[in-house]
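Here are a few exercises to work through with the model open beside you. Try each task yourself before you read its solution.

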Amino acid sequence: AEYMGIFTINQKAGPKIKYGASSMTAYPDNQCSRAVCYNPKTNEVAVATNAGEVQIRDLSSMNTVKKSLQAAKRWIECMAYSPDGQYLAVGTHSNTIVVYNTSNYSVKGTLTAHKSSIPVSYTH
């Protein structure tokens, strides 16, 4: 893979989120990320912001957001693409797992019966 270099998550600063992610930075939540994952089937990169947004980008053009998904009201803890590349699972600090169909990034389902933040992983 080629070196992607540095890319900007969001050009404009967003509002301060009450009880937002505890990042050690002066940047606002919508300009910070703690979860990134790659889909080798589609060559897409999912970048999650600490403001609950998931940005879908093409690996060859990381500064361009192809699709923006509002997965949660709070930050994203983790994400993973399924081994076949058909789904993206997003574990949120809002105590949900949101599963997207990667053909159009529509919501396939949301799991809500959790009492704390969710780690996500797919196994082969």
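**Exercise 1. Decide whether C37 is buried or exposed, and find out how many disulfides there are.**

Step 1. Start with the cut-offs: a residue is buried under 20% relative accessible area, exposed over 50%, and partly exposed in between, using a 1.4 Å probe and protein chains only. C37 has a relative accessibility of 10%, so C37 counts as buried. C78 has a relative accessible area of 15%, so C78 is buried too.

Step 2. Now apply the rule that a disulfide is a pair of cysteine sulfur atoms within 2.5 Å. The count by this rule is 0 disulfides. For C37, the nearest cysteine sulfur belongs to C78 and is 9.5 Å away.

A note before you go on: this is a predicted model, where local features need pLDDT of at least 70 and side-chain atom pairs count only at pLDDT 80 or more, while totals for chains, interfaces and linings use all residues. Residues are numbered from 1 along each chain as its sequence is written, and side-chain values use heavy atoms, leaving out hydrogens and water.

**Exercise 2. Work out which residues of β2 point one way and which the other way.**

Step 1. Locate the strand: strands are DSSP runs of E with at least two residues, numbered from the N terminus. Strand β2 covers residues 44–48.

**Exercise 3. Find which strands pair with β2.**

Step 1. Strand β1 (residues 35–39) is joined to β2 by 5 bridges, and the two run antiparallel. In this pairing, Y38 stands opposite V45.

Step 2. Look at the next strand: β3 (residues 53–58) pairs with β2 over 5 bridges, again in the antiparallel sense. Here V47 stands opposite Q55.

Step 3. Inspect the turns. The hairpin of β1 and β2 has 4 residues between the strands, and N43 in its turn has a positive phi of about 65 degrees. The hairpin of β2 and β3 also has 4 residues between its strands, with G52 in the turn at a positive phi of about 90 degrees.

Note on methods: Two strands pair if DSSP finds at least two bridges between them.
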